Amino acid sequence: MASEPTRGKDFLRTIVDEDLAAGRHQHVATRFPPEPNGYLHIGHAKAICVDFGIAADYGGTCNLRYDDTNPTKEDVEYVEAIERDVRWLGFAPSRVLYASDYFEEMYRLACRLIEKGLAYVDDHDDEQIKAHRGSLTEPGRPSPGRDRGVAENLERFAAMRAGALPDGACVLRAKIDLGAANMKMRDPLLYRIRHAHHHRTGDAWCIYPMYDYAHPLSDAFEGISHSICTLEFENNRELYDWVIAATEVTPLPDLVAGRPVGAPPRQYEVARLALDYTMMSKRKLLRLVEDGLVAGWDDPRMPTLAGMRRRGFTPEAIRAFCDLIGVAKNNSTVDVGKLEYAVRDDLNRRAPRLLGVLRPLKVTLTNHAAGDERLAPLFPEDLDPERTRGARAVPFDKDLYIDAEDFSLEPPPGFRRLAPGRVVRLRYAEAIRCDEVRLDDAGQPVELRCAVVPAAEAHGEKVWGVLHWVSATRGVRCEVRLYDRLFDVPRPDAAEDVRTVLNPRSLEVVAGAVVEPHVAALPAGTRFQLERLGYFVADAVEARPGALVLNRVITLRDSWEKATAAAGPDAEVAAPAARSARSKTRPDKKSAAEQRTIARARDPELAARHDRWLALDVGADLVDLLTGDRDTSDLFAATLAAAPARARTLARWIVNELPRELGDRAPGETALTATALAALVGLVDDGDITAAAGKELLAELVAQGGDPVALVAARGLRQVSSADDLGPLVAEVLARNGDKVGQYRGGKTGLLGFFVGQVMKASGGKANPATVNDLVKRALEA
RNA sequence: UCGGGGAUCGUCUAAUGGUAGGACACCAGCCUUUGGAGCUGGCCAUCAAGGUUCGAAUCCUUGUCCCCGAACCA
């Protein structure tokens, strides 16, 4: 039985499942919220696939929402490019919306905040605000305006909007907590003055909301259920929730018409995509464009969707790549090889095979007349076994070209191509033998005179390889652009100056390539393979009828080149992850152990218990853990009173097993009582029930309370230890898993745990594990 | 001397106390009129140390390392 490939649901979909099951939401609503200040890149593609993908999986909706709250950086050019790229990737937004359309409503809610005493106008400039914000380890200090009255704040905020004040004169801030450990909560800015033209609202506004204010409100207006962003916003989540609660924002009816809206939106963070040898910073990408280091946002070497599209990547390949890398919270850097794999895998299946020559070397057939052709299928047999995907005629003439690379005067070992005196096969045509080489003055071959060798193999000729070729008389001249990675180093983002990490060979223009005529007949946008060379597409921007310009999308996998380049200069080892200067100076966290010590120093009762319990047969480690806080300590004291002889077991259960059931709650907040816990532990300690049953019971006591002894009796949970009772169970499990029995006997002894687990489950947790182990082992080895 | 996150094959990612799985990469073999594709096999991981448990990647403890946070950016 082939085990089907398992891919567990990612953590976001797990959360969505739970929210749907719990009734928190009936409808899944997500959004993709780019700021229109640059072109979308492959990192955004991941976000798009997550946002739109989850909505699609659950029959929900996903809005494209421009987060256009900073007029100084944004532009309609980007707005248009973004929607085009999203649609090209294959996703249709449920709605296309703009945060700037919510400005009036946001302003209204800001006034509400002021009225509630939760926001104020601050006259400090940015330097003063910074100085008053404190540091990671020191609290902030209030600025003079912090305690102004509501009426005055309202008036001043209105003045900000009215336009009388210059940029930077004042800001609106939330009044939260200047001492908050989370810097984002130290009275964050809500609005700033910007006398700037907005690409959409024009000059209607001169105050603009900040991200932390605009984003949660936009989500709430649209009735978003799950708001997914990247890891660096984890600190913003607390503020996100604050804004939604403080403004008491509700969905806008127009935006959620016809669908149920459940609980307020919640933010979830996922790792952003990092790709080695790739730059993701929009700012640095913009520099590349502005400095003319690339031909534009859609330069085929750019990691932008526009660039990849022009290069010839397909949306299917990019989506497959996003599936491949998954969604998680680990900081990770994906190997670009995975992207390349996805592109090749997609193109392999869809691209017709044609012939073309990059650097032509003339071959004259000495025993072939002229004007012939060869019929060649467009796809190899493994992709088209029924031969239904078409064929074309390839001109075959006396004068041909092969690629210069495919000929060597002195072939190195392992060179399976043409050389003087050798025979090779021409793809889809006859074999030829190189009888004569004509050289130029520099000693370079300029013409090979070859004879066609009919039925070479049948005559026992050694055929050294198969070469691509093209007719010299009927081939089509064209320009071909060969792309390599734009950057030379694994982490170009880390470089101060991008110029230093640019790969000087990222673009090679081959002017004199020749391809078979069929290439020119392909519908625009068709990706095709030139056999043995890679995948190509006509450049959509610069190709003209009669002046073909081809982009190489990607090379073929090439095990020959890999073998030859093995000793090559790939000396760039991953840059040592230079520990940031900051992390060195960072204070260490106060450890939990220290906190317990401090608690005892402050609370004499805890200290007294600590000393007293040291005399018990419990162990110093456990006593330490039991006396770090009152809740735990009280519980142990109470259970100890009920069952003084069981101190050690009691301690273990409280320390090791209880936390899992409690979660964040204190014992007193649950249905669990000390007497019940003591009784439960007694049951386990005496062997009346198994540890497994004990844990199940504990979960129930925490949830609903009850008397363990009575529960055990009512459910018949007493431990079963006799081999007579357990034997049949073991036999049944083994019979049901014959294949695994075989594997076990074949040496896969790790399966023992599997069998024991199965028996334990079958017994409802009542079986004595030691007996089961024994029984299983004996049965397996019988 | 703070707050928030994260550590599983070289890489990405599963396994919610019961077989550490998949993919990419790599290596070998088969096949091949693409040094492609395909097929088969192989190498390879739970950050460390203790503890609880019949059984720990998973629960408890201690420690280590990494990322983010003090824009009128998003």
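Arg192 stands opposite Tyr208 in β7. Strand β6 (residues 189-193) runs antiparallel to β7, joined by three bridges. This is a predicted model: local features need pLDDT of at least 70 and side-chain atom pairs pLDDT 80 or more, while totals for chains, interfaces and linings use all residues. Side-chain values use heavy atoms, without hydrogens and water, and residues are numbered from 1 along each chain.

**Sheet**
- Four strands form an open antiparallel sheet, ordered β4-β5-β6-β7; strands are DSSP E runs of at least two residues, helices H or I runs of at least four, numbered from the N terminus, and strands pair on at least two DSSP bridges.
- β4 (119-122) and β7 (207-209) stand at the edges with a single partner strand each, so one side of each lacks a neighbour in the sheet.

**Thr69**
- Thr69 lies in the loop between β2 (61-66) and α3 (76-89).
- Thr69 is buried at 7% relative accessibility (buried is under 20%, exposed over 50%, partly exposed in between; 1.4 Å probe, protein chains only).
- Beyond neighbours within four places in sequence, Thr69 has contacts (heavy atoms within 4.5 Å) that include Arg192 and Tyr208.

**Aromatic rings**
- The whole structure holds 17 aromatic pairs (Phe, Tyr or six-membered Trp ring centres within 6.5 Å; planes under 30 degrees apart are stacked, over 60 edge-to-face, the rest tilted).
- Tyr107 and Trp205 form a tilted pair, 6.0 Å centre to centre with 55 degrees between the planes.
- Tyr107 is in helix α4 (residues 103-115) and Trp205 in the loop between β6 and β7, 98 residues apart.
- Both Tyr107 and Trp205 are buried.
- Ring pairs link Phe103, Tyr107, Phe157, Tyr191, Trp205, Tyr208 and Tyr213 into a cluster.

Definitions and conventions
Chains lettered and ligands numbered in written order.
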